[in-house]
Amino acid sequence: MSERPIHFYYRNVLHRIDGVPPTRTVLQHLREDLHCTGSKEGCAEGDCGACTVVLGELQDGVVRLRAINSCIQFLPSLDGKALYTVEDLTEGEALHPVQTAMVDCHASQCGFCTPGFVMSLWAMYEQHPEWPGRDVAIDACSGNLCRCTGYRPILDAAEAAYQHPPRRLERAALVDKLQALAELPALQYLAQGQHFFAPRSVAELARLRLAYPAARLLAGSTDVGLWVTKQLRELGDLIYLGQVAELRQIRRDARGLEIGAAVPLSDAFEALCQQEPHWLDLARRFASVPMRNAGTLGGNVANGSPIGDSMPALIALSATLSLQCGEAIRSLPLEDFYLGYQQTALQPGEFLRAIHVPTPSPGRVFRSYKLSKRYEQDISAVCAAFALTLDTQGKISEARVAFGGMAAIPRRAPRCEAVLLGQAWNETTLRAAQAALHEDYLPLSDMRASADYRQQAAAGLLERYWRETTQPSSITALWSLTAVEVAP
Amino acid sequence: MSTVGKPLPHESAHLHVRGAAQYVDDLPEPAGTLHAAVGLSRCAHGQVRRLDLDAVRSYPGVLAVLVAADIPGHNNCGPILHDEPILAHELVQFHGQPLFAVAATSHEIARRAVRLAVVEYAPLPAILDFDAALAAESWVLPPVETSQGDAAGKIAAAPHRLSGVAEVGGQEHFYLEGQISYAEPREDHTLQLWCSTQHPTEMQHMVAHALGWHSHQITVLCRRMGGGFGGKESQSAQWACIAALLAQRTGRPVKLRLDRDDDMVASGKRHPFRIRWEAGFDGQGLLHGVRFELASDCGYSADLSGPVNDRAICHVDNAYYLDAVAIRSLRCKTNKVSNTAFRGFGGPQGMFAIESLIDDVARYLRLDPLAVRQRNFYGHGPERATTHYGMAVEDNVAPELVAQLAVECGYAARREAIAAFNAQSPVIKRGIALTPVKFGISFNATHYNQAGALVQVYTDGSVLLNHGGTEMGQGLHTKVRQIVAQVFGLPVGQVRITATDTSKVPNTSATAASSGTDLNGKAAEAAALRIRERLAAFVAEQAGLAPEAVSFVDGQVRAGEQAEDFGALCARAYHARIQLWDNGFYRTPKIHWDVKAKRGRPFYYFAYGAACSEVAIDTLTGESRLLRADLLHDAGQSINPALDIGQIEGGFIQGMGWLTSEELCWRASGEQAGQLLTHAPSTYKIPTAADVPPVFHTRLYANRNVEDSIHRSKAVGEPPLMLALSVFFALRDAVVAAVGPDSRPSLRAPATPESILRAIRRGREEA
C-alpha cells in the first residue's frame with residue numbers, strides 16, 4: 001500500500017482529494033468544499049434523507065447505483081466510485097423525468113426534502129426500467145422524510161416519471177472509468193495524522209488489523225458516522241471493510257449461506273429471503289433503503305447493539321460467525337458472541353469475517369417480527385424471532401426463541417424454550433410458553449417503550465407466531481390488510 | 001385567461017426539484033463569515049453557580065463568546081411578556097436552555113468549543129408534568145374562566161351525565177430545515193439578516209432591542225423556509241438575536257445554524273393538554289350542558305401560550321352548538337422548553353376535547369358517534385347558531401358537508417362491514433370514524449389582521465411583487481402571484497416575487513393563523529389595482545372611452561377595437577409620467593375581540609371540513625395502520641386547487657403523526673431530569689410514505705366564502721390538520737371493538753402501539 005489521494009468521479013470529473021480529515025462527510029464536502037448545495041442537511045444522522053445521494057459502484061463488471069445518506073458517509077469511502085447528486089440530473093435546462101413528474105404532481109411544498117426524494121426516486125428509476133409498483137416506490141422513499149406533502153403526490157410522481165420518454169444514465173463509459181480506478185493501488189490515505197486504510201483482500205485486512213490494533217473497523221458508517229456528526233468523537237485510524245473482496249461475497253452451498261461481513265444489508269437480505277422467505281417482513285422494516293445500502297450485516301452483528309434487528313433472527317436460525325485473527329479463523333455460534341452490553345467475544349486483532357446461516361432443516365418454522373412506533377425506519381422496541389422444529393408427531397423437537405430489546409444483549413429465551421420443547425404446538429403450550437417468557441427477560445423502560453409493554457408485546461408476538469403457524473386464518477398482518485369493500 | 005383558480009405548480013417547484021432553491025444555508029458566504037453554536041443548560045431548574053468558559057474561549061478558531069451580561073440591549077426574546085431571555089442569566093429554567101454562544105471560524109469548531117464549558121448548577125425543584133404543575137398551581141399566565149349559560153344547572157338537570165379525562169401530547173414541528181439565521185454587519189451601524197422565519201418584523205424588533213438599536217438599522221429577509229408550521233413564528237427570533245449580537249461583537253458576518261438535536265431540545269413544541277370534561281345530555285346524545293377544564297403545558301415562559309390557549313377555548317365547540325358551557329383554562333408553567341405556535345394553535349387541542357366528550361357520550365348511549373355528532377351541529381340560524389364566545393355562525397356548511405362525505409365514502413355500509421369483520425376476527429380489529437372540522441379564520445388578536453404589499457411594474461411590462469407574508473412551502477407566493485397576474489391579465493411567469501424584506505414592506509404580521517393569502521393576497525391585489533386603474537385611465541383618455549371599457553386580458557390591454565401589449569403600454573405610460581408602482585394595504589373587516597371577556601367576533605369566517613378514516617389494530621401488540629381516508633374540505637372558491645389539496649393532505653398526515661406515532665419523552669428523574677429524550681428523528685417518529693393510507697381520497701367541497709375574502713376563497717393552512725382527529729377516533733373505535741361494545745376505553749394520544757395496548761388491557765380489566 002502506498003499513500004495516495006481519494007479518487008472518485010463526480011459530475012464526470014475525476015476528483016482527487018488530499019488533505020481533508022478522513023472523517024469529513026460526503027455532505028460536508030459537497031456543501032462546504034464544492035459549494036454544491038443541492039443536497040441538504042436535515043439531521044446529520046441518516047434519518048431524514050434530505051442529504052440523499054446516489055453512488056455508482058462496479059460489482060462484477062456492472063455498475064450498481066444505490067441511494068445512500070451523504071451526511072454520515074465519510075469521504076474516503078467514495079474511493080473508486082462515482083457520486084451523483086441532484087445537480088447531476090438536469091441536462092442544461094431540461095429536467096429529468098423524475099424531476100418533471102415531481103413538478104407536475106405538486107410533490108414539493110417547502111422543497112427542502114425534495115432533492116433527497118428526487119435522488120431516491122432516481123435510483124429506483126435506474127434500477128427498474130419499468131414501473132415497479134407503488135410498494136417498491138414506498139420502499140424507495142423509506143429513508144426520506146417529508147413534513148409538508150403527506151407523501152401521496154411524491155408516490156404519484158414516482159409512477160408518473162415512467163410516463164415520460166425514458167432518460168437513462170449512460171453506463172458504458174462509466175464502467176471504463178471505474179475499472180481504471182480499480183487498477184489504482186488500494187487506498188491508504190493519511191491526513192491530519194489520521195489513517196484511512198481500504199484494503200482489498202482479507203489477508204491485507206488481517207495484517208492491518210494486527211499492525212494497527214487501535215484502528216477502528218469501519219463498514220457502512222451508519223452508526224460510526226453519528227459518533228462523528230453527533231458526538232464529535234475523534235476516531236483515530238480507520239480500516240475500511242468496504243473494499244475487501246472476500247468480505248463482500250455471498251456464498252451458498254448445501255450447508256447453507258455464508259455472508260461476508262461487509263456485504264451490504266440490501267444484498268444480505270436478498271440472499272436471506274431466498275433461503276427463508278419469512279425474512280421478508282423484517283428486511284422490509286429494517287432501517288431504510290439508503291441505510292440498508294450502506295450498512296452491512298456484519299456491522300449490525302459486530303456492533304452488538306441490544307436493539308440490532310438482524311440478530312434475534314440469526315440466533316434463532318443457529319447462525320455462526322467466522323472470526324479471523326491473522327490467518328487463524330475460528331467459528332463461534334452467534335448466541336455466544338454477546339457477552340454483555342456492547343461487549344462481544346471479539347479478541348484484540350480479530351475481526352468478523354462472515355456470518356453462516358445453515359440450510360433450514362425439515363419441519364422448522366421460522367418467523368421474525370419487529371415492533372416500533374413507526375412501520376419504516378424505526379428502532380425496535382421489541383424484535384422477536386422464533387424457529388420451532390416440529391417432528392412428525394407434531395411435537396416440538398427443537399425450540400429457538402430469541403429477542404432484541406428485551407435485555408442488554410440480543411439473546412435466547414431459555415425458560416420459554418424449555419417449556420416448548422417436547423410439547424405439542426397448541427394453545428396450552430403457547431400459554432405456558434408466554435408465562436415462561438416473563439421469567440426470561442427483565443427489559444428496560446425507555447423512550448421506545450416501557451418494560452411492561454415490552455413484556456406484554458413479547459408474549460403477544462409469541463401468540464402471533466402460534467396463530468400464523470397453526471391457524472393462519474385467525475390473523476392477518478396489518479400491512480397486508482386492505483380497507484373493507486362495500487357495494488357503492 | 002384566468003390564472004386564479006388554476007392548479008398551477010408551486011412558484012419554486014422547478015427549483016426545488018433541481019436543488020436550486022436557495023435556503024439560508026445555501027447562500028454564498030461572504031469572506032470572513034463566522035459560524036456560531038449555542039451552549040445549552042444541562043439542568044432543568046437551577047441557579048448557575050459557575051459558568052467557566054475559559055476553555056471555550058481559548059479553543060483554536062473561537063473568536064467570540066457571548067453570555068447574557070454581554071448583551072448591550074434587552075436580553076429578551078419573549079414576544080408578548082418579556083419573560084424569555086435570549087441567554088439565561090444566573091437562573092436556568094429548562095434542560096436545554098441557551099446559556100452562552102460562540103462564534104468560530106467553522107461550524108464544527110463552534111460545536112466542539114461549546115462542549116468545553118464547565119457549568120455548575122445549584123438545582124431547584126423542577127416541575128416536569130401536569131400533576132406537579134397543577135398541584136403547585138404553577139402558571140405562566142393566570143387561569144381563565146369563561147362561560148355561556150348555566151352549564152352546571154343544565155348538566156345537573158340533564159337526563160344523562162358523564163365525565164372524563166382526555167390527554168393529548170405535544171408535537172415537534174420537525175421542519176426539515178432547522179432554525180437558521182445569518183447576520184451580516186453593514187456600514188454605519190446597520191445589520192442585514194437572512195433568516196428562516198415566519199415573522200420577519202418581530203425578529204427585526206427583537207434584534208433591535210437586543211442590540212440597543214432602532215428598527216431602521218435592522219433589515220430581515222426571508223426568501224423561503226424549509227418548513228415552519230408555527231415553529232418559526234416567535235421562536236426563530238432567539239437565534240437571530242444571537243447571530244446579530246455575535247456579528248455586532250465581531251464586526252463579521254455570523255451564521256447560526258442549529259444542529260438538529262439542539263433545535264429539537266431548545267425550541268418549543270405544540271402544547272400538550274390534559275382535559276377534564278363533564279357533560280349533561282339527553283337520550284339521543286344532544287348536549288344540554290358541558291364543562292371543560294383545559295390544562296396546557298406551556299413550558300417555562302409565556303411565549304404565545306396566551307393566544308394558543310384562547311384559541312383552544314374558542315374551538316371546544318368545533319362544529320357543535322353548545323347551549324351552556326363553562327371553561328376553565330389553566331396555563332401551566334413547567335421546567336420545559338416554552339411551547340409555542342404549531343399549525344392549529346390550540347384549536348386542535350380544543351377540538352380534541354369536544355370530540356373526546358362526544359365519542360364518550362355516543363359510546364355511553366350505544367349510538368353511532370357520527371349520529372351524535374350530527375345531532376349536535378350548529379343550525380342555520382337564528383336558533384343554535386351562536387358560539388359560546390358570542391359570534392354568530394353565518395356560514396355553517398358542516399351538516400351538508402358531513403352528509404355528502406358520509407354518502408360518498410359509504411360510511412354506513414362500511415360501519416356494518418367492519419362490525420361483521422370484527423365479529424369473526426379475534427386479533428385484528430378494525431375501526432372507523434367520521435369527524436368534522438370548523439376552524440375560525442383570523443388572528444384572535446385583531447391588530448394582527450393587517451397586511452401590506454408593494455407591486456412594481458417595469459417599463460417592459462414585467463412585474464416585481466413583494467408582500468409581508470413569508471413562504472414556508474404552503475404556496476403563499478404562488479397564490480399571491482396568481483392574484484396579481486390576474487389583475488393585470490398577465491401569465492404568472494410575467495410576475496416575479498422577491499424575498500420577504502422588512503425594508504420593502506414594513507410592520508408586517510406573522511405568516512400564521514392560516515391568514516397569509518387572505519391578508520397579503522388582498523393587499524397585493526389592492527396595490528395592483530391602483531396601478532391598473534392608472535393605466536386604464538391613461539388608455540381610456542387616449543381612446544376617448546370610459547376607464548371601465550379598458551380590459552387587461554392575455555397580456556393585452558384592450559380598449560374598444562384597440563389592443564396593445566401590456567409591456568408596450570407600460571413603456572408609454574412611463575413616458576407619460578404615470579406611476580407604475582404602488583403599495584397596497586388590507587385590514588380584515590368586521591372582527592373584534594374582547595380579550596378579557598373572551599367574547600366578540602374574533603374570526604372573519606369559518607373553514608369547514610370532514611374526514612372519514614378506517615383503521616386496523618393488532619390487539620396482541622397495539623400496532624395500528626390507517627387503511628383508508630376520505631377527506632372533504634372547504635377551501636371556498638379555491639385560488640389554486642392543487643396547492644389546497646396539498647395543504648389538506650399534508651395537514652392530515654401531519655395531524656395523524658401528532659395523534660399516533662409522534663411521542664415526546666422527557667427524562668422523569670435523576671440529575672438530568674427534564675432532558676428531552678426524543679431529540680432527533682431516530683427517536684421522534686413523524687409519518688413516512690408507508691403510513692399514507694392505501695386508499696386516500698381528497699376532494700374540495702364546492703363552496704364560496706360568504707364573506708368578501710380574496711376571490712371568495714378560504715384559508716387552508718391549519719384547518720385540515722384537525723381532519724386527523726378521525727384517525728384517532730377510528731383507533732378508539734377499534735379499541736372498543738377489542739374490549740366490548742359497552743366500553744369507553746381511555747386512549748391517550750398519541751396512540752402509539754403501547755398506548756393502544758394499554759387501552760385494550762385496561763379496558764378489559766375494567767370490563
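1. A salt bridge here is a side-chain nitrogen of Lys or Arg within 4 Å of a carboxyl oxygen of Asp or Glu. The model is predicted. By that rule, Lys255(B) and Asp25(B) form a salt bridge through their side chains, at 2.7 Å from N to O. The two residues sit far apart in the chain: Lys255(B) belongs to strand β12 (residues 254-257) of chain B, while Asp25(B) lies in the loop between α1 (13-16) and β1 (34-40) of chain B, 230 residues apart. Both Lys255(B) and Asp25(B) are buried.

2. Asp25(B) has a further partner. A salt bridge joins Asp25(B) to Arg257(B), with the closest N and O atoms 3.3 Å apart. This pair also links distant parts of the chain, since Arg257(B) is in strand β12 of chain B and Asp25(B) is in the loop between α1 and β1 of chain B, 232 residues apart. Asp25(B) and Arg257(B) are both buried.

3. The side chains of Lys370(A) and Asp309(A) meet in a salt bridge of 2.7 Å, N to O. Lys370(A) is in strand β17 of chain A, and Asp309(A) is in the loop between α12 (297-303) and α13 (311-316) of chain A, 61 residues apart. Lys370(A) counts as buried because its relative accessibility is 2%, under the cut-off of 20%. Asp309(A), with a relative accessible area of 6%, is buried as well.

4. Over all chains, a search of the whole structure finds 91 salt bridges. Some are joined into a network in chain B, whose members are Glu355(B), Asp359(B), Asp360(B), Arg363(B), Asp368(B), Arg373(B), Arg415(B), Arg732(B), Asp733(B) and Arg744(B). As background, side chains of opposite charge can pair when their charged atoms come close.

5. How much area is buried between chain A and chain B? The figure is about 7200 Å², and carbon and sulfur atoms give 57% of it. Arg147(A), Leu232(A) and Lys373(A) are the residues of chain A that lose the most area to chain B, together 13% of what that side buries. The contact takes 84 residues from chain A and 88 residues from chain B.

6. The interface of chain A and chain B holds 16 salt bridges by the rule. One of the salt bridges in the model pairs Asp259(B) with Lys230(A), their side chains meeting at 3.0 Å, N to O. The rule for polar contacts finds 44 residue pairs across the interface of chain A and chain B, both residues at pLDDT 80 or more. The elements that give two or more residues to the side of chain A that touches chain B include α1 (26-33), α3 (114-127), β17 (364-371) and α16 (451-470) of chain A. α16(A) gives the most, with 9 residues. By class, that side of chain A has 36 nonpolar, 25 polar and 23 charged residues.

7. Next, the nonpolar cores. The largest nonpolar core has 212 residues, of which Phe292(B), Phe488(B) and Phe652(B) touch the most other members. Helix α15 (residues 516-543) of chain B gives the most to this core, with 11 residues. Leaving out residues up to four places away in sequence, Phe652(B) touches residues including Leu626(B), Leu631(B), Phe696(B), Leu721(B) and Val727(B). Another core lies apart from it, with 52 residues, among them Ala261(A), Leu272(A), Ala313(A) and Leu334(A).

8. α2(A) is mostly covered, with 6 of its 8 residues buried. The buried residues of α2(A) are Pro97(A), Val98(A), Gln99(A), Ala101(A), Met102(A) and Val103(A). Their cover includes α3 and α5 of chain A together with α1 of chain B. Just after α2(A), His106(A) has a positive phi of about 60°.

9. Is Glu564(B) buried or exposed? Glu564(B) is buried, because its relative accessible area is 18% and the cut-off is under 20%. Glu564(B) is placed in strand β23 (residues 562-565) of chain B. A polar contact of 2.7 Å joins its side chain to that of Arg572(B). Apart from neighbours within four places in sequence, Glu564(B) is in contact with Gly555(B), Gln556(B), Val557(B), Leu569(B) and Arg572(B).

Methods:
Residues are numbered from 1 along each chain as its sequence is written. Chains are lettered from A and ligands numbered from 1 in the order in which they are written. This is a predicted model: local features need pLDDT of at least 70, side-chain atom pairs count only at pLDDT 80 or more; totals for chains, interfaces and linings use all residues. Side-chain values use heavy atoms; hydrogens and water are left out. Contact means heavy atoms within 4.5 Å. Buried area is the accessible area (1.4 Å probe) that two parts lose on being put together, summed over both. A polar contact is a pair of N or O atoms within 3.5 Å; within protein, one must be able to donate a hydrogen and the other to accept it, and residues adjacent in sequence count only if both atoms are side-chain atoms. Helices (H or I, at least four residues) and strands (E, at least two) are DSSP runs, numbered from the N terminus. Ala, Val, Leu, Ile, Met, Phe, Trp, Tyr, Cys and Pro count as nonpolar, Asp, Glu, Lys and Arg as charged, and the others, Gly among them, as polar. Buried means under 20% relative accessible area, exposed over 50%, partly exposed in between (1.4 Å probe, protein chains only). A nonpolar core is a set of buried Ala, Val, Leu, Ile, Met, Phe, Trp, Tyr and Cys residues joined through side-chain atoms within 4.5 Å.
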